[in-house]
Amino acid sequence: MASVTTPVQVILGDLGMENYENELRVGISIINASTVALANFRLTDIGLGAAKAINPPAGPPLYLGTLGAHGTALAAARFSSAGLTAGAKYLLSVRAVYQLDGVNYGLQLNKYITLPAPALPEMPRLRARMVAQTVPNYWNYTLVNDEAPGSTQWLASFSVQVAAPVAVTGTPPGWSVVTDNISYVLWTADDFVPPYVHQVQPGQSLGGFQLMSASTSSESSPATVAAWDQTIDTGGRTIGDYLPTPARRP
Amino acid sequence: MTVSAIKRFIFASALLLAGLLPAQAIELRVTPALSSVTLTPGERVIVAGTITNLTGTDLLTNDIFLSFSAYAPDYLQIDQLLGLDEFALPDRTISDEIALFSIIALGAPAGATPLPFEFFAIDINGVVSTAQTFVVVIAADTPPADVPEPAMALLFLMGAGCLYIRTRQRRRPMPGTGN
């Protein structure tokens with residue numbers, strides 16, 4: 001049973017925000033100002049007033065490891081800014097769970113933020129999505145290239161971190177996979193010379209990425225899609241997000 | 001002693017006193033009206049209290065952020081309410097009693113075990129209040145007292161009515177008996 005044992009002082013630090021194309025991206029820093037390390041620190045919910053949360057996916061916890069004494073953990077969240085007013089204040093609430101002496105405790109942090117006016121992001125973004133679909137013991141992913149027609153950014157690699165033993169049971173034709181079956185999976189298009197027929201062109205999507213695990217529940221893990229720039233024939237833009245992956249053993 | 005010398009003496013004395021007087025403490029104080037509450041599963045309570053602003057800066061209610069820790073996440077959900085209604089908290093004032101946070105009892109642990117948690121406030125300038133402990137006791141649902149169902153009550157009334165009619169019929173004089 002939970003009981004207050006050691007004083008824990010955790011706060012939200014400075015937040016980075018981008019309001020662009022009806023989407024608010026918030027970079028969240030969580031500062032442990034106390035003298036105790038918080039083990040198995042995981043975020044269970046990130047909310048912003050009544051804004052619709054886009055990512056991380058609702059439900060699966062996002063593990064951030066051990067939040068050491070005087071340490072900082074970072075996470076990112078995306079919200080729909082539709083219906084929100086630039087200049088108005090909204091309450092950002094972060095819920096987390098941590099362990100002290102093997103016991104789970106809840107943590108709830110709050111900070112009012114002022115919605116910035118829409119502006120171009122500091123770095124050009126890759127317009128792409130990673131869509132996940134889970135059935136018991138299987139995690140399926142689809143890449144969607146949302147770039148404008150004629151864009152030179154074609155999707156060429158997809159990586160996801162995992163924290164449980166996995167088997168790669170699906171790789172699309174023309175792509176190959178590299179994994180250690182325990183911490184990462186990296187799929188890449190096999191094209192080494194133009195015309196890169198297996199890369200995902202603007203307006204197209206590609207499914208068939210699949211993981212299998214003995215785990216039946218999910219956690220949120222970082223994932224990245226990278227594009228290949230067709231004009232300069234080198235690595236292009238990237239985009240990161242959190243995807244549901246097999247949950248680690250408790 | 002000339003007037004200017006007296007003025008210099010007074011000025012020097014004032015400076016000396018200012019240096020000797022203690023500096024005003026910077027403090028943000030949250031004073032909830034309750035320090036414990038008993039809930040039943042599913043019940044929500046709003047904890048109100050006052051804010052004392054001695055931070056040296058005028059604040060708004062949404063310049064103050066609450067942090068909650070060490071609570072039982074399977075049984076409690078806590079939400080900040082402070083600041084949802086924005087109003088001024090001038091320096092060196094105490095607010096009226098206002099909603100600080102809410103607690104929802106998600107379920108009941110075995111027995112009426114106290115579920116303590118800690119909270120503190122921090123303002124936009126980094127002034128932190130003293131951490132405080134709040135205790136929640138979640139009592140298991142008590143079954144309602146036995147109350148006859150409407151259909152049972154109706155049957156009871158019908159039975160009583162029949163008995164009354166039979167009693168009246170027995171008391172009515174039989175024709176030809178003279179009674």
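## Close-up views of a predicted model

**View 1. The contact between chain A and chain B.** Across this contact, 22 residues of chain A meet 24 residues of chain B. The model is predicted. On the chain A side, strand E1 (10-12), strand E8 (89-100) and strand E9 (103-114) each supply at least two of the residues that touch chain B. E9(A) gives the largest share of that side, with nine residues. Sorted by class, the side of chain A that touches chain B holds 13 nonpolar, seven polar and two charged residues.

**View 2. Strand pairing across the two chains.** E9(A) is joined to strand E5 (residues 64-71) of chain B by four bridges. The two strands run antiparallel. A:Gly106 has B:Tyr71, in E5(B), as its bridge partner.

View 3. B:Asn62 is found in the loop of chain B between strand E4 (59-60) and E5. A residue is buried if 20 or more other C-beta atoms lie within 10 Å of its own; B:Asn62 has 22 and is therefore buried. Leaving aside neighbours within four places in sequence, B:Asn62 is in contact with A:Lys89 and A:Tyr112 from chain A, and with B:Gly83 and B:Glu86 from chain B. B:Asp79 is 17 residues from B:Asn62 along the chain, and 14 Å separate the C-alpha atoms of the two.

**View 4. The surroundings of B:Thr50.** B:Thr50 belongs to strand E3 (residues 44-54) of chain B. B:Thr50 counts as partly exposed because it has 16 C-beta neighbours inside 10 Å. Apart from neighbours within four places in sequence, the contacts of B:Thr50 are B:Thr31, B:Ile94, B:Ser95 and B:Glu97.

View 5. The domain assignment divides chain A into domain 1 (10-114) and domain 2 (128-246). Their centres, taken over C-alpha atoms, are separated by 26 Å. Seven residues of domain 1 of chain A are in contact with seven residues of domain 2 of chain A. On the domain 1 side of this contact, six residues are nonpolar, one is polar and none is charged.

**View 6. An open sheet in chain A.** Four strands of chain A form an open sheet in the order E10-E11-E16-E13, with antiparallel pairing. Strand E10 (128-135) and strand E13 (167-170) stand at the edges with a single partner strand each, so one side of each has no neighbour in the sheet. From one strand to the next, the twist averages 25°. A:Ala167 has A:Met212, in E16(A), as its bridge partner.

**View 7. The hairpin of E10(A) and E11(A).** Eight bridges link E10(A) with strand E11 (residues 138-145) of chain A, and the two run antiparallel. A:Tyr141 in E11(A) is the residue opposite A:Ala132. Two residues lie between E10(A) and E11(A) in this hairpin. In the turn, A:Asn137 has a positive phi of about 75°.

Terms used
Residues are numbered from 1 along each chain as its sequence is written. Chains are lettered from A and ligands numbered from 1 in the order in which they are written. This is a predicted model: local features need pLDDT of at least 70, side-chain atom pairs count only at pLDDT 80 or more; totals for chains, interfaces and linings use all residues. Two residues are in contact if their C-beta atoms, placed from the backbone, lie within 7 Å. Ala, Val, Leu, Ile, Met, Phe, Trp, Tyr, Cys and Pro count as nonpolar, Asp, Glu, Lys and Arg as charged, and the others, Gly among them, as polar. Two strands pair if DSSP finds at least two bridges between them. A residue is buried if 20 or more other C-beta atoms lie within 10 Å of its own, exposed if 12 or fewer, and partly exposed in between; C-beta atoms are placed from the backbone. Axes are lines fitted to C-alpha atoms, for helices over the stretch in contact, and angles run from 0 to 180 degrees between N-to-C directions. Domain bounds come from an automatic or database domain assignment.
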